[in-house]
Amino acid sequence: MEKSEINGHAGSGSRGQIPEPPARRRPRARVMEFLRKNLLVILTVSGVLVGVGLGTAVRSMDLTKAQMTYFAFPGEMLLRMLKMIILPLVVCSLVSGAASLDTRSLGKLGGIAVAYFLVTTLIASGIGVALAFIIKPGQGAGALNTNHLSLESVSSDKETADSFLDLARNLFPANLVAAAFRSYATDYKMVPAGNSSNGTLLYQKVPVGSETDGMNILGLVLFAMVFGVALRKLGEEGEELIRFFNAFNEATMVLVSWIMWYIPFGIMFLVGSKIVEMEDVVLLVTSLGKYIFASILGHVIHGGIILPLIYFALTRKNPYSFLSGLITPFTTAFATCSSSATLPSMIKCVEENNGVDKRISRFILPIGATVNMDGAAIFQCIAAVFIAQLNNTELNAGQIFTILVTATASSVGAAGIPAGGIITIAIILEAIGLPTNDLSLMLAVDWIVDRTTTVVNVEGDALGAGILHHFNQQEMKRQQEQRQQRDEELAEVRVEAVANVQAEEETSPLVTHQTKAVEGMPEAIESVL
């Protein structure tokens, strides 16, 4: 009776209240589950916010340069950890990714990836140029002087042709070991080239090869891809080495998962130390505010509208639900200003939160971190037009086209490190014949603009991986359907064949009797022979 009363909610005693505690616990369990799944994201975002507050508080203490260095130490350790993992991650993930895809799929996916990277970077360059002409960041900043901001001068006398030749040379490093920490860069020396008519000695500028510090990521990426394809071509002989790289890659990802728990703490001090180091913020913002606004607006338009639209148009899926799983790598990108340093957490989150195939993510994301720089293309175009307006130079249609093409091409070679895009602006300026002595102004506000630049860079890579994953799934589904259809056709043919044989056996007993008779007289045949 008590049981029926409880089930029918007729009783008003304490027993009638038994089902309620689980109902009360359910929201609490849901909250705990949410916290468990998103703990790292919450900690990372909190790290940025606490870092801003910490930096603002410490800024008023007037630290010395040495004390600032000590304060920035935990953030420096995070950058060192992330950079340490880049080399094994890029090489092993690309070798295993290229080896796991057949040559046909690799060619098709590679073609889609290249087209996606080119189109998005061209669109980004167009947005940058358009915003620069609409907002006109260089007007009113003509009286701005580098000395007012106590900036170091940044100059680059490198020829545009040599910049692109260096890009090609770095694709094929002469020494793979050296490529892990050095890249090729053209330098110049003056050599005597005879005497002039009045007897003065003439000199000629001759390009000479030199090595600069910094990983040659382009050369390593190309080698790893080709090496992976070669291992697949070997067949069974290459299986052991492919398994080695797969295991190495998985071990690297375990290290990444450990490093990611240090990210919130490191980010707190990275952001805090940057705020402490800032000088003359008010002067910078008032002088270069329109340039900062134009760059960040370009990044918001491209990253918030254009890229999600491209993703939706190609996959018919919600891009913002895809991006919501990538808050940790976006926060890391914002704090470190480095696409390469964000790569480990990006690969992990894309695979675990968004379910992208490992073969796709570990193939496309290292390439994207190297060659796909949408955010950099936007701010480089704005910077080029800004410097033209600063020098009261009217840009013609040919120069604007040159900016678009050069920004798209040079962003491929932009280093995935903080302030890596500043050097590539020099290539654009040289191409359109503008002076490079105003580059220090870009460097003064690069620590602001570079944050949104890096976020857009890594967003483009992630959405590219999502698009390739979608196409790969469609291709696999189509192949599976074809296989099922072929199997069904074979089954029908087999059924028909069996039916025909049975019909023959039933209708022609002479054949069967004759066969049995022949089978039963081998000795007789031998004796006749």
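1. A word on burial before the residues: buried means under 20% relative accessible area, exposed means over 50%, and partly exposed lies in between (1.4 Å probe, protein chains only). This is a predicted model, in which local features need pLDDT of at least 70 and side-chain atom pairs count only at pLDDT 80 or more, while totals for chains, interfaces and linings use all residues. Residues are numbered from 1 along each chain as its sequence is written, and side-chain values use heavy atoms, with hydrogens and water left out.

2. On the overall picture, the protein has 21 helices and two strands (DSSP runs numbered from the N terminus: helices are H or I with at least four residues, strands are E with at least two). Of its 529 residues, 43% are buried. The accessible surface is about 28000 Å², with 62% of that belonging to carbon and sulfur atoms (Shrake-Rupley method, 1.4 Å probe; for residues, only the protein chains shown count as cover).

3. Leaving aside residues up to four places away in sequence, A132 touches P137, I382, V385 and Q389.

4. Beyond residues up to four places away in sequence, T44 touches I263, P264, I267, T328 and T331.

5. Do have a look at L231 in helix 8 (residues 217-234), which counts as buried at 3% relative accessibility. L231 touches V95, G238, L241, I242 and F245, again not counting residues up to four places away in sequence. Between L231 and L241, ten residues apart in sequence, the C-alpha distance is 7.7 Å.

6. Now the salt bridges, each a side-chain nitrogen of Lys or Arg within 4 Å of a carboxyl oxygen of Asp or Glu. The count by this rule is ten. One of them pairs R182 with D213 (3.9 Å, N to O); this links distant parts of the chain, with R182 in strand 1 (residues 182-195) and D213 in strand 2 (residues 201-213), 31 residues apart. R182 is partly exposed at 38%, and D213 is exposed at 70%.

7. Another salt bridge joins R362 and E250 (2.9 Å, N to O). R362 lies in helix 15 (residues 358-371) and E250 in helix 9 (residues 236-260), so the pair ties together parts 112 residues apart in sequence. R362 is buried, with a relative accessible area of 5%, whereas E250 is partly exposed at 34%.

8. Finally, the surface patches. What forms the nonpolar one? V31, M32, F34, L35 and I42 do, with about 450 Å² of accessible area together. Patch residues have over 30% relative accessible area and no salt bridge; like charges are joined within 9 Å, and nonpolar side chains (Val, Leu, Ile, Met, Phe, Trp, Tyr) within 5 Å. V31 sits in helix 2 (residues 20-59) and is partly exposed at 47% relative accessible area.

How values were computed. Contact means heavy atoms within 4.5 Å.
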